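Take a moment with the sequence and the 3D view.

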Amino acid sequence: MLLVIARDPAVRIRDIAAACRITERAAQRIVGDLEEAGYLSRKRDGRRTHCTLRPEGRLRHPAEALLSVGAPAGVVLR
């Protein structure tokens with residue numbers, strides 16, 4: 001989900017859900033959780049919401065604790 005948002009910060013929840021093959025409701029909940037955890041921030045712009053990754057944040061899983069949020073996105077988006 002972070003990669004989908006990194007590719008297009010103005011992506012709609014509907015499109016995130018389709019790309020991740022989950023329901024819109026699940027995508028909405030996950031985006032909220034990611035924002036709460038500090039992985040991204042959201043800003044309303046009219047009827048759209050723009051998401052911005054916070055690349056300095058650290059991943060929580062012990063196997064990935066040394067990686068920042070921006071590390072996987074940087075590799076894929078190059």
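**Starting from a strand residue**

Lysine 43 touches Arg48, Thr49 and His50, once its neighbours within four places in sequence are set aside. This comes from a predicted model. Where does lysine 43 lie? It lies in strand β1. Is lysine 43 buried or exposed? At 63% relative accessibility, lysine 43 is above the 50% cut-off, so it counts as exposed. Now look at alanine 10. Lysine 43 is 33 residues away from alanine 10 in sequence, but their C-alpha atoms are 9.9 Å apart in space.

Follow the strand to its partner. Strand β1 covers residues 40-45 and pairs with β2. The two run in the antiparallel sense, over 6 bridges. Find serine 41, and you will see threonine 52 of β2 opposite. The hairpin of β1 and β2 has 2 residues between the strands. Glycine 46 takes a positive phi there, near 70 degrees.

Now step back to the whole chain. The protein has 4 helices and 2 strands. In sequence order the pattern is α-α-α-β-β-α. The chain holds 78 residues, and 26% of them count as buried. The exposed surface comes to about 5600 Å², with 51% of it supplied by carbon and sulfur atoms. Consider the contacts between residues at least 6 apart in sequence. Of these, 32% join residues at least 24 apart.

Next, go inside. Which residues make up the largest nonpolar core? There are 12 in all: Val4, Ile5, Val11, Ile16, Ala17, Ala27, Val31, Leu34, Tyr39, Leu40, Cys51 and Leu53. Four elements each supply at least two residues of this core: α1 (2-7), α2 (13-20), α3 (24-37) and β2 (48-53). The largest share, 3 residues, comes from α3.

Pick out isoleucine 5, in helix α1. Isoleucine 5 has a relative accessible area of 1%, under the 20% cut-off, so it is buried. Beyond its neighbours within four places in sequence, isoleucine 5 is in contact with Val11, Ile16, Val31, Leu40, Cys51 and Leu53. Aspartate 15 is 10 residues from isoleucine 5 in sequence, and 9.9 Å from it in space, C-alpha to C-alpha.

Isoleucine 16 is another core residue. Which residues does isoleucine 16 contact, leaving aside its neighbours within four places in sequence? They are Met1, Val4, Ile5, Val11, Ala27 and Val31.

That leads to a pair of helices. Two packed helices are described by the angle and the distance between their axes. The axes of α2 and α3 come within 8 Å and cross at roughly 105 degrees. From α2, the contact is made by Ile13, Arg14, Ile16 and Ala17. From α3, it is made by Glu24, Ala27, Gln28 and Val31.

Finish in the loop between these two helices, where arginine 21 has its place. Most residues other than glycine have a negative phi. Arginine 21 has a positive phi, near 55 degrees. Is arginine 21 buried or exposed? It counts as exposed, because its relative accessibility is 79%.

Methods:
Residues are numbered from 1 along each chain as its sequence is written. This is a predicted model: local features need pLDDT of at least 70, side-chain atom pairs count only at pLDDT 80 or more; totals for chains, interfaces and linings use all residues. Side-chain values use heavy atoms; hydrogens and water are left out. A nonpolar core is a set of buried Ala, Val, Leu, Ile, Met, Phe, Trp, Tyr and Cys residues joined through side-chain atoms within 4.5 Å. Buried means under 20% relative accessible area, exposed over 50%, partly exposed in between (1.4 Å probe, protein chains only). Contact means heavy atoms within 4.5 Å. Two strands pair if DSSP finds at least two bridges between them. Accessible areas come from the Shrake-Rupley method with a 1.4 Å probe; for residues, only the protein chains shown count as cover. Axes are lines fitted to C-alpha atoms, for helices over the stretch in contact, and angles run from 0 to 180 degrees between N-to-C directions.
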